[in-house]
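Notebook, ligand and domain look-up.

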Amino acid sequence: MTTYFPVFLELSGRAVLIVGGGPVAWEKVESLKSTGAEITILSPTISLQIQGEVDAGRLVWIEKAFEPADVIPYFMIVAATDDPATNAEVFQTGNALNRLTNSVDDPENCNFIMSAIVRQGPMQVAVSSSGCSPALAQQIRNRISDDLLTPEVGRLGEFLGQWRPAVKSSLGSYKHRQGFWARVLASDVPALLNINETEAGEAMTRGLRWAEEHPECLLCGRHELGFDCGETT
Ligand SMILES: C[C@@]1(CC(=O)O)c2cc3[nH]c(cc4nc(cc5[nH]c(cc(n2)[C@H]1CCC(=O)O)[C@@](C)(CC(=O)O)[C@@H]5CCC(=O)O)C(CC(=O)O)=C4CCC(=O)O)c(CCC(=O)O)c3CC(=O)O
Ligand SMILES: NC(=O)C1=CN([C@@H]2O[C@H](COP(=O)(O)OP(=O)(O)OC[C@H]3O[C@@H](n4cnc5c(N)ncnc54)[C@H](O)[C@@H]3O)[C@@H](O)[C@H]2O)C=CC1
C-alpha cells in the first residue's frame, strides 16, 4: 500500500487544468472553486453546468481534445475524461514535468489522490483511505462533519485566528504561546463564544493580560487560564 503524504495546497491564482467536461469534471470544479484557483477546462464538449461557469467568466474553456503540450502552463492537472488511455497520457505528461497530476479513479496514474473533505470556516478535515475504500473515507468524513466539525468549531477557528497576531507579539516564546493556547482551549472561551462574542473577546483580553503578567505560569503543570501557580521568573 502507498503511504500518501497529506498537505494543504495554496491554489489561489494558480493555473489548474481539468481535462474532460462531464459530471466528474464538474465535481472537481465544485471542490476546487472556493480555493481561488484559475481553472481551465480542456475538452471537445462540456456539460451545461460547466457551460454556465464559462458564460459567467469563472472558467476558461479550451475546446479541443487533449495533446501532451497542453499541460505545460499548469501547476495542477486533473484528468477526468471517459477515456482511460487519454487519462493515462495526461498523467504521464504531467508527471514527467513534475506537475501535480491526478487521473480520477485511477490510482496508478496519480501523483496525488483526492480526499473526502469537510470545511467549516478555516477548519478543514481531509480524509483518505489511501485508495483502499473511498466509500469508507466518505463515511468517516460524514461522521466528522456531523459530530465534530460543527459550525461552532468553524467560528472558533476564525475567532482564535483573529487573536493570533496579538498573542504572537505579546508572548515571548513558542513555549509560552503553546501554553497559552492550550489554556485558552481548556477555558470557557470556546463555550462563551457560542453565547456572546463580546464576552468571549473580553475573556481573551483578560487571559492575555494575565499571561503577559505571569509568563512563568504558562509553563507550569496546571493548565488553567488565569491560574497563578506562585512561581516567579
Ligand atoms: C485513489 C482515488 C484516486 C482519485 O480519484 O483521486 C480514487 C479511486 C477510485 N474511486 C473509486 C470509486 C469510488 N469513489 C468514490 C468517491 C470518491 N473518491 C475519491 C477519491 C479517490 N478515488 C482516490 C482515493 C481516496 C481514498 O481512498 O480515500 C473521493 C474521496 C474524492 C474525490 O473524488 O474528489 C470521492 C468522495 C468525495 C466526497 O464525497 O467528497 C465512490 C463513492 C461514490 O461515488 O459515492 C466510489 C464508489 C465506492 C467505492 O468504490 O468505494 C474507484 C473504483 C471505481 C470502480 O469500481 O469502477 C477507484 C479506483 C480504484 O479503486 O482502483
Ligand atoms: N459518471 C460517474 O458518476 C462516475 C464516473 N467516473 C469516472 O470518470 C470518468 C468521467 O466520467 P463522466 O464525467 O461522467 O464522463 P462523461 O462521458 O460524461 O464525460 C467525459 C468528458 O471527457 C471529454 N473527453 C473525452 N475524450 C477526451 C479527450 N481526448 N480530451 C479531452 N476531453 C475528452 C468528453 O468530451 C466529455 O466532456 C468515467 O469514465 C469514469 O471513469 C467515476 C465515478 C463516477
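I count a residue as near a molecule or strand if its C-beta atom, placed from the backbone, lies within 6 Å of it. This is a predicted model, in which local features need pLDDT of at least 70 and side-chain atom pairs count only at pLDDT 80 or more, while totals for chains, interfaces and linings use all residues. Residues are numbered from 1 along each chain as its sequence is written, and chains are lettered from A and ligands numbered from 1 in the order in which they are written.

**Ligand 1**

I looked up the shell of ligand 1 and found 21 residues, of which Met114, Ser129, Pro134, Ala135 and Ala137 come nearest. Two elements, strand 6 (116-120) and helix 4 (134-147), each give two or more residues to this shell. I take helices (H or I, at least four residues) and strands (E, at least two) as DSSP runs, numbered from the N terminus. Helix 4 contributes the most, 4 residues.

By class I get 11 nonpolar, 9 polar and 1 charged residues around ligand 1. Here Ala, Val, Leu, Ile, Met, Phe, Trp, Tyr, Cys and Pro count as nonpolar, Asp, Glu, Lys and Arg as charged, and the others, Gly among them, as polar.

**Ligand 2**

Which residues come nearest to ligand 2? Of the 20 around it, I noted Gly20, Gly21, Gly22, Val24 and Asp82. Helix 1 (residues 23-32) supplies the largest share of this shell, 3 residues. The classes are 10 nonpolar, 7 polar and 3 charged.

**Domains**

I read the domain assignment as domain 1 (15-114), domain 2 (115-149) and domain 3 (151-218); such bounds come from an automatic or database assignment. The centres of domain 1 and domain 2, taken over C-alpha atoms, are 23 Å apart. Their contact takes 4 residues from each of the two domains, where contact requires C-beta atoms, placed from the backbone, within 7 Å. On the domain 1 side I find 3 nonpolar, 1 polar and no charged residues. The shell around ligand 1 draws at least three residues from each of domain 1 and domain 2.

I also checked an unreviewed UniProt entry, which places "domain: Sirohaem synthase dimerisation" at residues 153-205. That span is 89% helix and 0% strand, with its end C-alpha atoms 20 Å apart.

**Helix 1 and helix 2**

I went back to helix 1 for its packing on helix 2 (residues 48-55): the angle is about 45 degrees and the axes are 9 Å apart. The pair is therefore oblique, since angles under 35 degrees count as roughly parallel, over 145 as roughly antiparallel, 65 to 115 as roughly perpendicular and the rest as oblique. Axes are lines fitted to C-alpha atoms, for helices over the stretch in contact, and angles run from 0 to 180 degrees between N-to-C directions. Ala25, Trp26 and Val29 of helix 1 meet Gln49, Ile50 and Glu53 of helix 2. I class this contact as 4 nonpolar, 1 polar and 1 charged residues.

Conventions. UniProt positions are given in the numbering used here, feature names are shortened, and annotations may be inferred rather than shown by experiment.
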